[in-house]
Amino acid sequence: MHTCRYGTITPVIDRLRGRRDPARQARLRAAAAGVDRELAANLELAAMFDQTHQAVVFENGEFARYRALLATEIPDAFAALADVYERIPATESAMERRGPANSLRPEDRVLIESWEGDLRDAQRSLRAAAADPSSRWSRLVARLREGRRTGR
């Protein structure tokens with residue numbers, strides 16, 4: 001860690017290079033893993049609904065637990081996650097409404113299917129945002145090193 005008379009400069013350099021503090025990155029990685037597992041479980045529950053047409057209750061505990069951390073660390077991905085989680089009650093209600101012969105109304109089917117698609121998109125954005133960020137500089141250095149190894 002480099003120091004100067006104003007204190008440590010490594011955090012500033014890391015931010016300029018696009019890196020997070022290792023402790024913050026570890027907390028974010030743990031939070032993202034918990035929410036990612038929860039999203040995967042919700043996708044499984046949605047698949048069960050597609051097969052059985054029985055209403056399900058979606059999971060939301062991990063998101064509630066890590067909500068503040070995700071909002072501060074990855075605000076763009078958080079917006080998509082928050083939207084998906086806020087729409088859970090409406091989606092569950094659409095699953096419970098039944099017509100003749102246990103059928104779904106077309107508008108309920110659209111609501112459920114669009115929620116599933118948005119959930120998949122939110123999961124992808126969560127995974128991308130929680131990964132160790134690489135800056136343009138680090139990508140350039142990696143590319144130059146790769147070129148040196150291959151002789152280009």
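1. Helices (H or I, at least four residues) and strands (E, at least two) are taken here as DSSP runs, numbered from the N terminus. On that basis the chain has seven helices and two strands, arranged along the sequence as β-β-α-α-α-α-α-α-α.

2. This is a predicted model, in which local features need pLDDT of at least 70 and side-chain atom pairs count only at pLDDT 80 or more, whereas totals for chains, interfaces and linings use all residues. Residues are numbered from 1 along each chain as its sequence is written, and side-chain values use heavy atoms, with hydrogens and water left out.

3. The mean pLDDT (the predictor's confidence in each residue, from 0 to 100) is 85 for the chain, and 79% of the residues reach 70 or more.

4. Of the 152 residues, 32% count as buried; buried means under 20% relative accessible area, exposed over 50% and partly exposed in between, with a 1.4 Å probe and protein chains only. Contacts (heavy atoms within 4.5 Å) between residues 24 or more positions apart make up 70% of those in the chain with a separation of 6 or more.

5. Helix α4 (residues 75-86) has 12 residues and should span 16 Å at 1.5 Å a residue, which agrees with the 16 Å between its end C-alpha atoms; the expected span is 1.5 Å times one less than the number of residues. Its buried residues are Ala-77, Phe-78, Leu-81, Ala-82, Val-84 and Tyr-85. The buried residues pack against α2 (22-52), α3 (61-73), α5 (88-96) and α6 (106-130). Exposed Asp-76 and Glu-86 are carried on the face turned away from the buried side.

6. The structure holds three aromatic pairs. Rings of Phe, Tyr and Trp (its six-membered ring) pair if their centres lie within 6.5 Å; planes under 30 degrees apart count as stacked, over 60 as edge-to-face and the rest as tilted. The ring centres of Phe-58 and Trp-115 are 4.5 Å apart with planes at 40°, so this pair is tilted. Phe-58 lies in the loop between α2 and α3, and Trp-115, 57 residues away, in helix α6. Both are buried, Phe-58 at 5% relative accessibility and Trp-115 at 1%.

7. The rings of Phe-63 and Phe-78 are stacked, because their centres are 5.8 Å apart and their planes at 15°. Ring pairs also link Phe-63, Phe-78 and Tyr-85 into a cluster.
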